[in-house]
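Subject: Structure for you to look at

Hello,

Here is the structure I said I would pass on. My notes follow below it.

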Amino acid sequence: QRLLEGCRKLKHLLSMLPENTVTVENIGKNESDVNLSCTRETMKELCREVVIDRLEGMIDSALVKAGVAGKDGIDAVEITGGGLRIPFVQETIRNAIGKGEDEDFAFSRSLDDTSLAFGASLVGIAASSNVNDADDAETMDADRHARRTELLENETAMSRRDVELLRKDEFRNQIEAHVLELRSARHSKHGSLLPSSEEFSSYLDGVDDWLFSEECDEASCERMEEEWDAVRSKTRETCGKYFAATKAEAEEKDREMEREARGAAGGGAG
């Protein structure tokens, strides 16, 4: 179980960093710790047949069934679900729809997971078998109309949730970016000012684990905001010297740019 948890954690970290290492305690010889290291490219190769090839085939099949002639007509792609956060999965989709080199193309994330059930229900209605009896057909039409009305009401309610879901994603992204900044800052100019204790590293690991947990997926927008506030408060407390140094450096750069601008303006006037 500890090995599986270590692999899961490593997979999550690779969604944020190109390579990483996690330590799994007491699973080696004589209960020694074992380090698991991997890169995104290695993960991609390991998943090529099971994930990438099948996903490309599924997308190609969907385009054919939809009657899409060529891939130039695809303007937007909606993605939802935790698996779509994995970089090489997004890369596979981009390549399959011919957007691999299009830097301006971005995925849309305006729908939540319930949209999958909604879409499946519409497909089920469309695929319903035909009936020959007129009375049965009339009853079927009435049932379909009622069902469609219900689905449209559900869609309206889901649309009202879009703003909240977008805000939730914003908070999640802010937390991810904040943790990634602190991890990467270890090797920066002011990295020595960051806490070097195992307790701090464990705290960041815990935040990462929560972001990819079921609890986070089901959290409300208010809960995500509380977590973001808690992470900022904790890191400001423990990394105060680092943030103060980076702020002072940024302010000095701004002042230097202002001095250069004034100098350039004075030189031009002369």
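**Helices α7 and α10**

In this predicted model, helix α7 crosses helix α10 in a left-handed sense. By class, the residues in the contact of α7 with α10 are seven nonpolar, three polar and seven charged.

Two packed helices are described by the angle between their axes and the distance between the axes. For α7, residues 162-184, and α10, residues 221-238, the axes come within 9 Å and cross at roughly 20 degrees. Because angles under 35 degrees count as roughly parallel, α7 is roughly parallel to α10.

On the α7 side, the residues that meet α10 are Glu164, Arg167, Lys168, Phe171, Arg172, Gln174, Ile175, His178 and Leu182. Their counterparts in α10 are Cys221, Glu222, Met224, Glu225, Glu227, Trp228, Val231 and Thr235.

Glutamate 227 sits in helix α10. Is glutamate 227 buried or exposed? Its relative accessible area is 14%, and because anything under 20% counts as buried, glutamate 227 is buried. Leaving aside residues up to four places away in sequence, glutamate 227 touches Ile175 and Trp210.

**Salt bridges**

How many salt bridges are there? The count comes to 14. Among them is a bridge between the side chains of arginine 167 and glutamate 225, at 3.7 Å from N to O. Arginine 167 lies in helix α7 and glutamate 225 in helix α10, so this pair ties together parts that are 58 residues apart in sequence. Arginine 167 is partly exposed, at 33% relative accessible area, and glutamate 225 is also partly exposed, at 31%.

Another salt bridge joins the side chains of lysine 44 and glutamate 91, with an N to O distance of 2.9 Å. This pair links distant parts of the chain: lysine 44 belongs to helix α2 (residues 40-46) and glutamate 91 to helix α4 (residues 87-96), 47 residues apart. Lysine 44 has a relative accessible area of 15% and is buried, whereas glutamate 91, at 32%, is partly exposed.

The side chains of arginine 223 and glutamate 215 also meet in a salt bridge, at 3.9 Å from N to O. Arginine 223 is partly exposed, with 26% relative accessible area. Glutamate 215 counts as partly exposed too, at 47%.

Which residues are linked in a network of salt bridges? Lys9, Arg183, Asp205 and Asp208 are linked in this way.

**The chain as a whole**

The chain contains 11 helices and two strands.

Of the 270 residues of the chain, 29% count as buried. Among contacts with a separation of 6 or more, 64% are between residues 24 or more positions apart.

Regards

Note on methods: Residues are numbered from 1 along each chain as its sequence is written. This is a predicted model: local features need pLDDT of at least 70, side-chain atom pairs count only at pLDDT 80 or more; totals for chains, interfaces and linings use all residues. Side-chain values use heavy atoms; hydrogens and water are left out. Axes are lines fitted to C-alpha atoms, for helices over the stretch in contact, and angles run from 0 to 180 degrees between N-to-C directions. Helices (H or I, at least four residues) and strands (E, at least two) are DSSP runs, numbered from the N terminus. Angles under 35 degrees count as roughly parallel, over 145 as roughly antiparallel, 65 to 115 as roughly perpendicular and the rest as oblique. A crossing is left-handed if the near helix is turned anticlockwise from the far one by less than a right angle, and right-handed if clockwise. Contact means heavy atoms within 4.5 Å. Ala, Val, Leu, Ile, Met, Phe, Trp, Tyr, Cys and Pro count as nonpolar, Asp, Glu, Lys and Arg as charged, and the others, Gly among them, as polar. A salt bridge is a side-chain nitrogen of Lys or Arg within 4 Å of a carboxyl oxygen of Asp or Glu. Buried means under 20% relative accessible area, exposed over 50%, partly exposed in between (1.4 Å probe, protein chains only).
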